[in-house]
Amino acid sequence: MLTVDALSCARGGLAVLHGVGFVLNPGEVLILRGPNGIGKTTLLRTVAGLQPPVAGRIDAPAEGLAYAAHADGLKAQMTVVENLEFWSAIFGGPPIDEALRAFDLVGLRSRLAQNLSAGQKRRLGLARLLVTGRPVWILDEPTVSLDRASVALFADAVRAHCAAGGSALIATHIDLGLQAEVLDLTPFRAEGAPGEASPRPRADAPTDPFDDEAFL
Ligand SMILES: Nc1ncnc2c1ncn2[C@@H]1O[C@H](COP(=O)(O)OP(=O)(O)OP(=O)(O)O)[C@@H](O)[C@H]1O
């Protein structure tokens, strides 16, 4: 479903990770771990196609990935239902009812996204995954702002997705209680990767127009 082979990636013109490889099959979850700054977000962005790899190969199903980044990326002036219907229309995905139910948003359906609490916004951001209809979820710290009950809802949604043949690549520092493989990125740190005593990024490093992309 998703194969990453000998992948090297960079951020701001500096090498971050070198030689990463894994296979994610239908029904599987792969958890990315590693200390702050090791390159989890950079790897996810590269796999999601937001930035090109420096080297290596990524084989993914065409139009098969749904990426949820740190930011919720909601349409603030639209209601919960309008946000989900918007994304469902963009992706041509399934109706929104299951997404509302799975993330306990039924009672909030008419509320403007801008008036949701941080955890409610995060639940809405994650609910969008269900309306994409896409098989491979690429998730960057998906449980930030979620309380314990909401983390459990999220884990249930991932389990249901995988039971239906989907898969998920997740960067997280917490234990989600999922049956999953774990890949620690620490051994893949590139030589000269940014760190405590790292060089400044090159002044001519290309700017990244998608750096704030919240959801794809
Ligand atoms: N826009 C940028 N320009 C230059 N360097 C960046 C940029 N964004 C991140 N970096 C650097 O790239 C390295 C990898 O960052 P990345 O966000 O991928 O790490 P991470 O493992 O996701 O970290 P965390 O656990 O803190 O979220 C870090 O050293 C970071 O300082």
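## Helix H5 and its surroundings in a predicted model

The buried residues of helix H5 pack against strand S3 (29-33), helix H3 (97-102), helix H4 (118-132), strand S6 (136-140) and strand S7 (167-171). This is a predicted model, in which local features need pLDDT of at least 70 and side-chain atom pairs count only at pLDDT 80 or more, while totals for chains, interfaces and linings use all residues. Residues are numbered from 1 along each chain as its sequence is written.

Helices (H or I, at least four residues) and strands (E, at least two) are DSSP runs, numbered from the N terminus. The protein has 5 helices and 8 strands, and along the sequence they follow the pattern β-β-β-α-β-β-α-α-α-β-α-β-β.

A residue is called buried if 20 or more other C-beta atoms, placed from the backbone, lie within 10 Å of its own, exposed if 12 or fewer do, and partly exposed in between. Of the 216 residues of the protein, 37% count as buried. Two residues are in contact if their C-beta atoms, placed from the backbone, lie within 7 Å, and residues 24 or more positions apart account for 78% of the contacts with a separation of 6 or more.

In H5, Phe154, Ala157, Val158, His161 and Cys162 are buried. Seen down the helix axis, the directions to the C-beta atoms of these buried residues fall within an arc of 130 degrees, so they line one face of H5. Arg148, Ala149 and Ala163 are exposed on the other side of H5, and just after the helix Gly165 takes a positive phi of about 100 degrees.

Strand S6, one of the partners of H5, holds Trp137. Trp137 is buried, because 24 other C-beta atoms lie within 10 Å. Leaving aside residues up to four places away in sequence, Trp137 touches Ala66, Leu129, His161, Gly166 and Ala168. The C-alpha atoms of Trp137 and Gly64, which are 73 residues apart along the chain, are separated by 8.6 Å.

Around the ligand there are 14 residues, of which Gly12, Asn36, Thr41, Thr42 and Pro194 come nearest; a residue is near if its C-beta atom, placed from the backbone, lies within 6 Å. Helix H1 (residues 40-47) gives the most to this shell, with 3 residues. In the table, the classes group Ala, Val, Leu, Ile, Met, Phe, Trp, Tyr, Cys and Pro as nonpolar, Asp, Glu, Lys and Arg as charged, and the others, Gly among them, as polar.

| Class in the ligand shell | Number |
|---|---|
| nonpolar | 4 residues |
| polar | 7 residues |
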